[in-house]
Amino acid sequence: MRCLLVVAVGSASLAIGAPPPQQPVRAVPLRQPAPAPVAPTPKPTPKVFVALPNYDEETATRLQIFLDNNEFGPGKIDGKMGEFFRKALISFKHAHVQRETGVIDKWMLDQVPQTFTTYTIKGDDLAYVGELPSDHPSQAKLKFLPYTSLLEFVAERFHSAEDYIRKINRDRDLDCDHLEVGDELKVPNVLPFEIEKVKEAQLKPNKAFAKRKIYVDTTERLLEVFEDNQLVCVFPITPGSTALPAPVGTWKIVGAATWPWFRYDEAMLNYGVRSEEYYNLPPGPNNLVGVVWMGLDKPGIGIHGTNNPETIGRAASHGCIRLANWDAIRVKDVVSVGNTVIIF
């Protein structure tokens, strides 16, 4: 979506259209079928193609947890060998100068000795769950845009697909769609996204991360953070849409905030023109820009969370760079206001 934060984060702009600077080599999994040979042409990001096997569900889940805990986001945890899981695995191996193969490295699995853990629904969790009207005029009248169910709360907390939470709890006397305080669920043993620890704040420049650069690969649908030539982390994204693609060029993060308000303006979203017909949507996990907004010096464009993590990498966004909330909050912690963002 083309996104506009209520709080102004800057208005400077840079020229676009010039080719991005040469970027560090990143490996990605081999796509099937293998591409036909073509004449060599310059590419923004050279790639090393690697074939990967299909792991069993238990092994896949453990590897997804390992990658997620190390900030190489595999997408939602679901025990499947999906596109972003494969990309994250190869990117991790490449970044750590390891064999870029599908061979299971035992030491990775050893970091996740327990695949699943349990989570008990607490009374405090109810503060983040409630009724959510579907229309924007009604949403604008609220003070907070909550999760619509405890299942949604739990799935996002443990970086998982809702269907996977249902699946791994089938042998329990539990209705995942009607959870109550005191219910105990089986969940992936991943470092949780603790929404209660997200505090409202405007983020300041971090000198420790001043040299970092963010690369947004709109073809592979990945956001990568580099420090010099070292890949720091990788997360899956939705980069704009065919009609309103993410703006190719070199930009900067000019401001960032947690628990952002969103100015919902149809004219701005569809035509890039600000109008007086809009709704100010309050913060919450189901805000259209999620729990974090990082604005670029391209008016209306930012890196942000989402109200629908199931669609990351698939559904379109109006020009912005959209991540799952659990990934967006971590990107915020490894970059700085002032960092260069290269979209290609």
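**Close-up views of a predicted model**

View 1. Cys233 counts as buried because its relative accessibility is 0%, where buried means under 20% relative accessible area, exposed over 50% and partly exposed in between, with a 1.4 Å probe and protein chains only. Cys320, likewise at 0% relative accessibility, counts as buried. The structure holds zero disulfides, a disulfide being a pair of cysteine sulfur atoms within 2.5 Å. This is a predicted model, in which local features need pLDDT of at least 70 and side-chain atom pairs count only at pLDDT 80 or more, while totals for chains, interfaces and linings use all residues. Residues are numbered from 1 along each chain as its sequence is written, and side-chain values use heavy atoms, with hydrogens and water left out.

**View 2. The crossing of helices H1 and H2.** The axes of H1 (residues 57–69) and H2 (residues 83–95) come within 10 Å and cross at roughly 60°, which means that H1 is oblique to H2; angles under 35 degrees count as roughly parallel, over 145 as roughly antiparallel, 65 to 115 as roughly perpendicular and the rest as oblique. Ala60, Leu63, Gln64, Phe66 and Leu67 of H1 meet Phe85, Ala88, Leu89 and Phe92 of H2, contact meaning heavy atoms within 4.5 Å. Of the residues in this contact, eight are nonpolar, one is polar and none is charged.

**View 3. Lys80 in the loop between H1 and H2.** Lys80 lies in the loop between H1 and H2 and, at 54% relative accessibility, counts as exposed. Its C-alpha atom is separated by 6.3 Å from that of Glu57, 23 residues apart along the chain. Leaving aside neighbours within four places in sequence, Lys80 is in contact with Ala60, Gln64 and Phe85.

Note on methods: Axes are lines fitted to C-alpha atoms, for helices over the stretch in contact, and angles run from 0 to 180 degrees between N-to-C directions. Helices (H or I, at least four residues) and strands (E, at least two) are DSSP runs, numbered from the N terminus. Ala, Val, Leu, Ile, Met, Phe, Trp, Tyr, Cys and Pro count as nonpolar, Asp, Glu, Lys and Arg as charged, and the others, Gly among them, as polar.
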